[in-house]
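Here's a walk through a two-chain model, written for someone who likes cut-offs spelled out. Have the viewer open as you read.

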Amino acid sequence: MRQLMEGSEAIAEASIAAGCRFFAGYPMTPFTELLESFAKKLPAVGGVCINAESELESIGMAWGALATGARAATGSTGQGIALMQESLSEITRAELPLVLFHMARGQSDYFQATRGGGHGDYRHLVFAPIDVTEATHLAQEAFDLADRWRNPVQIYGDYLLAHTAEAVEIEPLRFEALPPKDWAVDGSLGGSGRARNINPIGMEKGRKGIEPEPFWKRLQAKHDAMERALPRHEAEHTEDAELVVVAFGTLARFARYVVRALRREGRRVGYFRPVTLWPFPSDALREATGSARRVAVLEMNAGQMIDDVRLALLGSRPVVAIGGISSDSAGFGIGPLLDADNVRERVEGALAGREVAA
Amino acid sequence: MSTRHEGLPANARQVGLEKPALQYGVDHDLCPGCGEPLALRCLLETIEELGCAQRAIGVIGIGCYTALTPLMDIDLVQALHGRAPSVATGVKRMRPEGLVVALQGDGDMVSEGLQEVLHTAARGEPLTCVLLNNGVFGETGGHMTATTVLGQRTKNSLDGRDAAYHGHPILIADLLAQLDGTAYAARASVHDAAGVARTKRMLRRALEVQLEGRGFSFVEILTMCPTGWFLPTAQGPEYLDRVLGSVHVVGELKREGRFVPTAQLAQGARAS
C-alpha cells in the first residue's frame, strides 16, 4: 500500500525491511528525523536504537553491533560524518558491512563521500538517490551489498530527500542468499584455538606481530573488483545529444525535468546521472557523451564531481560547470539552484556555448 | 621466555611457566618487567574460572597490550584508540548473553577516550571495562597521559609533571564510581603476589556483576612500565607501589551501592 511518508521515515522503514536491527546516532539537521524514525521503529521489531553521545560513539556502537553479525547502521550530516572518518576507514579495513546514511547539507560533501577524510587506503560504495522511492530501494540494496562485499556502503542524501514526503510503498526486495557470517564474534570459539579477531591490520591469533601488507593488498584487490562490478547510472536522450548534463542526487531530478522539457522542444540535450558516486560510472559516461560537443556538470558546490567527469572523459570533450555554491540562509543546502527555471537557464546557456557565472 | 627459579618453597607456583588455558603461549614481545602480561593473565584466568570461555568477547584498545591480543584465545574485536567502550556497547546490545570486556590503557581510556567510558558507565551498560594504568604512553616510549602523577618524569614532562603547567592527573575510578550506572568499581595493582591475587578477586567481582546484569563494572589495574619510567627493570614493582600507588590508591571504590572515594581509601578506610 502506498503511503505518504517523509524520506527519513521511508528510509528507516526500508532499512528495517532489509533486516537492520541496530542504529546509533546523534541529532543533527537534516539527519535528525532519520534517528527519530529508527528510535521509534526499531524496538518494535526487537532491535536497538541508541542515542549516542557523539558521532564518534555512534559509529563505534555500530562497529560493535556489526562485529556480532547484526545488520547495523549509523548516519549524520557532513559535519558529523567528518567526525566519523577515522572509524569509517578502520571499519572498511576490518571488513565490516556498515551502512552509513549521510543526510548532507547540500552537495558540497561529494569529496568527503567519495574520497573520504580518513587515513589509509579505503573505499566504499556510495549511492546518491534521486528521490524517496529510489532511496527505499537503494537502502535495502545497501545492506545486501555491504554484506556481500563486506564493505561499508554510504547513502548520500540531503535535506530535500530527508524532508520531502512522497507516496511510497516499501517493497521488500529479494536478494540472492549470502554466505554465513562465520567471521562474526559470539564468544563461542573461546578456548578452541580458533577464536576470532576482527581487526583492521591483519592480526592473526596465535601469531605474534602483524602483517599489514598482504592484508591491505587483498583489500585493494577487493576494491578494484568493486570498482569494476558496481558502477550504476541513469541516462536519457544521450544518443544524439550535443550537450549532456551530468548531475547527481536530488538536484538531478531538476536536471532530468529540464532535459525532458527541452527535448520536447526539439533541443538535442541529454541527461546523465551517476547513481553510484563511487565507483563513478566512467565507462557509461564516455559512452553517453559519444555524440556530445560539450558536457555540462550541474552540482551544488564549488566543483567536486566535475573532477570525476573530467577523469572519465580524459580531455575528449570540453567539460563546463553550470552549477555552483547555492544555499539558504541556514546553510542547509536549499538554495536558489533548486529551481527548474534557474536550471533551465543554465542548461540553455551551455547549449548556446555561453559561460555560466556560478 | 620465563626461566625456572631455584630455591622456591615447595608449594610455590611459578606461574610464568604455566600457560593459562585461554592463552596461546607464555612468550610475548613486550619489555622485560612489563605488568601488562600479568594483568592479561589475571583476566583470562578469571574468565576461565567463571566458566565463561565460550561466551567471552574482548574489545581491545590500542597500546602495548594490543601486541598481546594474538595470545588471547577468546573472540576479539580490535577497536580504535579511545573507542573500545562504544564498540563494546554495540557488541553487548546485540549479544546480551556474551561476557563483554573492554581492555584499554590509560592513554587510550583516560586521555583519548574519556567521554566514551564515562557515558558507557552512565548508561549502565552491563559490560566490564578494564584499564591497564601505568601512567605513561608506553608504546610511544614514555610520554605523559591523563593519569601521570605529579612529579612523574616523562618524555614530555622532563622535569616531572607540574600541576601549574601540565595540570592534574585524573582519578578515573572516582569519576566512574560516582555515576549511578556503575555497579562496581575497583583499583588493583600487579606489583606483587598479593596484588595479583587481589586483582583476580576484583576482576571476578566485576565480571559477576556483569553476569548478573547489575550494571557497568570497572577494574583499574596498575601495571609496571620500567621502560616508560626510565628505570632498571627490577625497580618497576617498587616504583609502581610507591609513586603511582600512593595517588591511584588500590581498593574498591563502588560495591553494593556504596561509593568510597580514593581520598578515603588513602586514609586506610578500605572497602574490601
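How many residues of chain B are in contact with chain A? The count is 34 residues of chain B against 37 residues of chain A, where contact means that the C-beta atoms, placed from the backbone, lie within 7 Å.

Some housekeeping before going on. This is a predicted model, in which local features need pLDDT of at least 70 and side-chain atom pairs count only at pLDDT 80 or more, while totals for chains, interfaces and linings use all residues. Residues are numbered from 1 along each chain as its sequence is written, and chains are lettered from A and ligands numbered from 1 in the order in which they are written.

**Between the chains**

On the side of chain B that touches chain A, the elements giving two or more residues are β1 (56-60), β2 (75-78), α2 (84-94) and α4 (114-122) of chain B. Helices here are DSSP runs of H or I with at least four residues, strands are runs of E with at least two, and both are numbered from the N terminus. The largest share, eight residues, comes from α2(B). By class, this side of chain B has 17 nonpolar, nine polar and eight charged residues. For that tally, Ala, Val, Leu, Ile, Met, Phe, Trp, Tyr, Cys and Pro count as nonpolar, Asp, Glu, Lys and Arg as charged, and the others, Gly among them, as polar.

His119(B) is partly exposed, with 19 other C-beta atoms within 10 Å; buried would take 20 or more, exposed 12 or fewer, and partly exposed is in between, with C-beta atoms placed from the backbone. Leaving aside neighbours within four places in sequence, His119(B) is in contact with Glu53(A) and Glu57(A). Within chain B, the C-alpha atoms of His119(B) and Leu179(B) are separated by 9.4 Å, though the two residues are 60 apart along the chain.

**Strand pairs**

Two strands pair if DSSP finds at least two bridges between them.

| Strand | Partner | Bridges and direction |
|---|---|---|
| β9 (197-198) of chain A | β2(B) | two, parallel |
| β11 (243-246) of chain A | β14 (294-297) of chain A | four, parallel |

In the cross-chain pair, Ile198(A) has Val77(B) as its bridge partner. In the other, Val245(A) stands opposite Ala296(A).

**Domains and a helix in chain A**

Chain A is divided into domain 1 (3-168) and domain 2 (233-351), with bounds from an automatic or database domain assignment. Their centres, taken over C-alpha atoms, are 26 Å apart. The contact takes 24 residues from domain 1 and 22 residues from domain 2 of chain A.

What about helix α6 (132-149) of chain A? Its 18 residues should span 26 Å at 1.5 Å a residue, and the end C-alpha atoms are 25 Å apart, which agrees; the expected span is 1.5 Å times one less than the number of residues. Of those 18 residues, 13 are buried, so α6(A) is largely enclosed by the rest of the structure. Just after α6(A), Arg150(A) takes a positive phi of about 45°.

Key:
Two residues are in contact if their C-beta atoms, placed from the backbone, lie within 7 Å.
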